[in-house]
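Reader: I am new to this structure. Could you walk me through it, please?

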Amino acid sequence: MLAYIIRRVFQSVIVLLVVGLVAFSMFRFVGDPVDNMLGQERTQTDIDRLRTDLGLDKPFPVQYFKFLQGAVQGNFGVSYRQGRPVSTIIAERAPATLELALVSGFLAISIGIALGVFTAIRRNGIAANTIMTLSLIGVSLPTFLIGILLIYIFSVELDLLPSFGRGETVQIGGWSTGFLTASGLKALILPSITLGLYQMTLIMRLVRSEMLEVLRADYVRFARARGLAERAINFRHALKNTLVPVITVTGLQLGSIIAFAIITETVFQWPGVGLLFINAIQFVDIPVMAAYLMLISVMFVGINLIVDLLYFAIDPRLRVDGRTA
Amino acid sequence: MSDMTKDPATARPSRLATFWDSDFVWSFRHSPVAIIALLVVAVLLLAALFAPLIAPHDPFNPATLNLMNGFTAPGVPNAFTQETFLLGTDDQGRDVFSTILYGLRISLFVGISAVMLAMIIGVVLGLVAAYVGGWTETIIMRVADVQLTFPAILVAMLIFGIAKGITPPEYRNEMAIWVLIVAIALSDWVQFARVVRGAALVEKNKEYVQAARLIGRGPIPIMFRHMLPNVLSPVLVISTISLALAIIAEATLSFLGVGAPPTQPSLGTLIRIGQGYLFSGEWWILLFPSITLLALALSINLLGDWLRDALNPKLR
């Protein structure tokens with residue numbers, strides 16, 4: 001177990017170092033940072049001074065080490081486009097994305113599992129079949145079209161919910177939250193549905209197929225023969241045993257929610273990190289891109305690590321394998 | 001075998017008839033969903049292929065455009081010029097039907113090229129990983145594992161962003177389509193590599209591979225002449241599903257403004273443009289490209305679903 005954890009942590013660190021190298025190479029080789037930072041009226045002395053200040057006269061490994069040192073401390077340099085430190089910009093934008101991801105993740109998991117169990121139990125019912133067909137369309141429907149469709153129905157036609165922005169936000173320390181105002185909550189509804197819908201259908205289909213498999217198992221048949229209540233069989237016996245793959249996929253989807261937030265944030269002009277990243281790509285704002293890349297890979301690698309370690313907590317069989325391996 | 005070809009009475013039925021009676025075609029003939037999906041895909045493919053012949057207007061030739069025709073509703077004669085447009089016009093007076101045909105062309109071209117490139121990269125790396133083994137395998141599959149933890153669309157965006165930074169500004173529009181293809185392909189090869197490696201690991205230990213090795217064939221002919229045909233059927237399934245994903249990925253990137261340039265609009269670019277008119281009532285600029293994209297992605301997905309079931313006898 002301990003050996004396994006150490007090996008996984010070691011692998012994660014290597015992945016992060018490689019991603020760091022990619023991010024750093026972007027800095028170093030995509031355009032000349034000195035060119036980007038100094039204006040038209042520059043002298044050779046200015047160029048040389050900035051080169052020394054940025055450490056660009058040092059050899060490559062030393063520069064890479066410096067970059068990693070800065071990255072660990074949250075220092076990614078200054079945005080080419082906004083002229084402010086990248087860390088400050090990201091800190092401003094992060095609450096919007098995290099709140100959106102939190103709400104849509106919650107929606108996806110709770111509704112996804114509930115619908116998955118429902119469609120598995122009533123697998124020949126009309127309602128269950130309708131849900132399954134709709135989910136297939138949901139998987140084919142690109143996220144941005146779902147967003148546009150929701151805007152059309154609820155903002156243009158019904159004029160019920162806002163089509164863009166976060167509404168009013170309340171500042172608590174460094175965190176701006178939309179949870180505390182009515183307009184902030186209203187603004188959350190459409191984006192979080194848009195973002196959560198795809199993950200919801202995915203979780204639902206997974207829970208359904210796992211449930212169908214488990215419901216056929218001998219121990220479920222035995223539980224039924226013992227005369228246990230349907231509810232106890234479905235939830236205590238069957239659902240519990242579907243959880244390992246569900247937790248894996250859900251965990252990995254958590255990362256995708258952050259990534260897919262880019263699309264949702266663009267559709268709804270949600271002032272989060274994703275919108276920042278898209279604008280950075282459009283204007284080739286390398287420091288912002290590099291910082292986003294590092295941030296998101298830390299998140300993904302972290303989630304993967306946690307999911308892997310969670311296996312041990314959930315599935316006792318793996319613990320035995322881990323010891324022998 | 002030679003007797004059979006000589007005697008017409010015992011000759012096997014023609015190849016076409018054999019094909020028609022095969023399980024594969026049988027399951028196709030008995031699946032209305034698959035037939036409709038294939039029809040939709042075929043119609044859209046032909047429309048894209050013959051876009052210059054079908055399109056009533058050339059949306060990229062400014063000489064044929066009349067600004068007075070701007071915002072004409074579908075099927076209603078324009079108030080100034082009395083011209084009628086099947087699916088209406090956009091702000092520039094461009095015929096929406098024609099822009100969709102040309103957009104479909106770009107979407108399909110990018111999607112198909114990206115999947116083919118991803119397939120080549122994935123199949124080669126997967127085969128090499130399985131056949132050579134050792135460090136080569138470890139490195140290839142580790143990279144694949146790591147890449148798989150990142151969503152494909154994010155990888156594509158990053159590659160696109162980096163490529164955009166490297167190319168000089170004056171070439172960016174020209175290069176955009178090719179960069180898009182490479183970006184989507186590099187974000188998608190992992191699926192192919194993993195499946196091919198899995199299948200090839202099984203094939204590697206079969207007798208025909210050992211026999212080929214014994215008679216002294218080199219590793220490259222063994223991998224590509226002998227093993228490749230035996231690992232292709234899962235590749236077919238993945239490439240159909242990948243095609244739908246690639247088309248959606250392209251549309252998404254273009255919608256976000258980091259894909260096809262405005263000079264070569266794909267369906268995603270058209271939807272991006274159309275979204276601007278959502279509140280002002282010109283619904284046709286947005287609706288028709290969206291429906292086209294949806295029909296394309298959905299029918300390719302359905303076709304892929306059917307193909308997976310048809311090629312997997314366990315599910316029948």
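Author: One term to begin with: a salt bridge is a side-chain nitrogen of Lys or Arg within 4 Å of a carboxyl oxygen of Asp or Glu. This is a predicted model, where local features need pLDDT of at least 70, side-chain atom pairs count only at pLDDT 80 or more, and totals for chains, interfaces and linings use all residues. Residues are numbered from 1 along each chain as its sequence is written, chains are lettered from A and ligands numbered from 1 in the order in which they are written, and side-chain values use heavy atoms, with hydrogens and water left out.

Reader: How many salt bridges are found across the interface of chain B and chain A?

Author: Chain B and chain A bury about 3200 Å² between them, 82% of it on carbon and sulfur atoms. Buried area here is the accessible area (1.4 Å probe) that two parts lose on being put together, summed over both. For salt bridges across this interface of chain B and chain A, the count is 0.

Reader: Which helix gives the largest share of the side of chain B that touches chain A?

Author: The contact (heavy atoms within 4.5 Å) takes 37 residues from chain B and 36 residues from chain A. Helices are DSSP runs of H or I, at least four residues, numbered from the N terminus. With 10 residues, the largest share of the side of chain B that touches chain A comes from α8(B).

Reader: Why does S299(B) count as buried?

Author: S299(B) sits in helix α15 (residues 283–311) of chain B. Leaving aside neighbours within four places in sequence, S299(B) is in contact with A37(B), V40(B) and V41(B). Buried means under 20% relative accessible area, exposed over 50%, partly exposed in between (1.4 Å probe, protein chains only). S299(B) counts as buried because its relative accessible area is 5%.

Reader: How many aromatic pairs does the structure hold, and what is the angle between the planes of Y198(A) and F260(A)?

Author: Rings of Phe, Tyr and Trp (its six-membered ring) pair if their centres lie within 6.5 Å; planes under 30 degrees apart count as stacked, over 60 as edge-to-face and the rest as tilted. Over all chains there are 4 aromatic pairs. Y198(A) and F260(A) form a tilted one, 6.1 Å centre to centre, with an angle between the planes of 45°.

Notes. Helix = DSSP H or I, 4+ residues; strand = E, 2+ residues; numbered from the N terminus.
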